Amino acid sequence: MEEEEKYLKELIALEDLAEKKARIYARLLVEPTLAKSMEEIAARHEDRKERIEFLLYGKTKKNYWAPS
């Protein structure tokens with residue numbers, strides 16, 4: 001189980017990085033259509049990250065850090 005947790009945490013970090021890079025790239029693009037596409041890609045990475053966090057923690061990290 002520890003090894004699975006390790007891989008899920010690594011996957012969360014990779015999805016987080018991909019999301020951040022896509023959002024930065026979207027802000028740098030001057031073509032609105034391409035920028036919108038990159039924002040959509042970033043949103044998909046964020047969604048995947050939240051689903052993986054749900055698998056790992058039983059809830060999303062946003063809720064995980066919120067006070068009970």
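Predicted model: local features only at pLDDT ≥ 70, side-chain atom pairs only at ≥ 80, totals over all residues.

Modeller: Residues are numbered from 1 along each chain as its sequence is written, and side-chain values use heavy atoms, with hydrogens and water left out.

Colleague: What makes up the protein chain in terms of helices and strands?

Modeller: The protein chain has 3 helices and 0 strands, where helices (H or I, at least four residues) and strands (E, at least two) are DSSP runs numbered from the N terminus.

Colleague: How do you know that the span of α1 is close to the expected one?

Modeller: The expected span is 1.5 Å times one less than the number of residues. Helix α1 has 27 residues, and its 39 Å from first C-alpha to last is close to the 39 Å expected.

Colleague: Why is His45 called buried?

Modeller: Buried means under 20% relative accessible area, exposed over 50%, and partly exposed in between (1.4 Å probe, protein chains only). His45 has 15% relative accessibility, so His45 counts as buried. His45 lies in helix α2, residues 32-57, and touches Glu15, Ala18 and Glu19, leaving aside residues up to four places away in sequence; contact here means heavy atoms within 4.5 Å.

Colleague: Why does Asp16 count as partly exposed?

Modeller: Asp16 counts as partly exposed because its relative accessibility is 21%.

Colleague: What makes the pairing of Lys20 and Asp16 a salt bridge?

Modeller: A salt bridge is a side-chain nitrogen of Lys or Arg within 4 Å of a carboxyl oxygen of Asp or Glu. The side chains of Lys20 and Asp16 meet at 3.2 Å, N to O. Both residues lie in helix α1, 4 residues apart, about one turn of the helix.

Colleague: Which helices does the salt bridge of Glu19 and Lys49 tie together?

Modeller: The side chains of Glu19 and Lys49 meet at 3.1 Å, N to O. Glu19 lies in helix α1 and Lys49 in helix α2, so the pair ties together parts that are 30 residues apart in sequence. Both Glu19 and Lys49 are buried.

Colleague: Why is Arg51 called exposed?

Modeller: Arg51 is called exposed because its relative accessibility is 55%. Arg51 also forms a salt bridge with Asp47 (2.9 Å, N to O), and both residues lie in helix α2.
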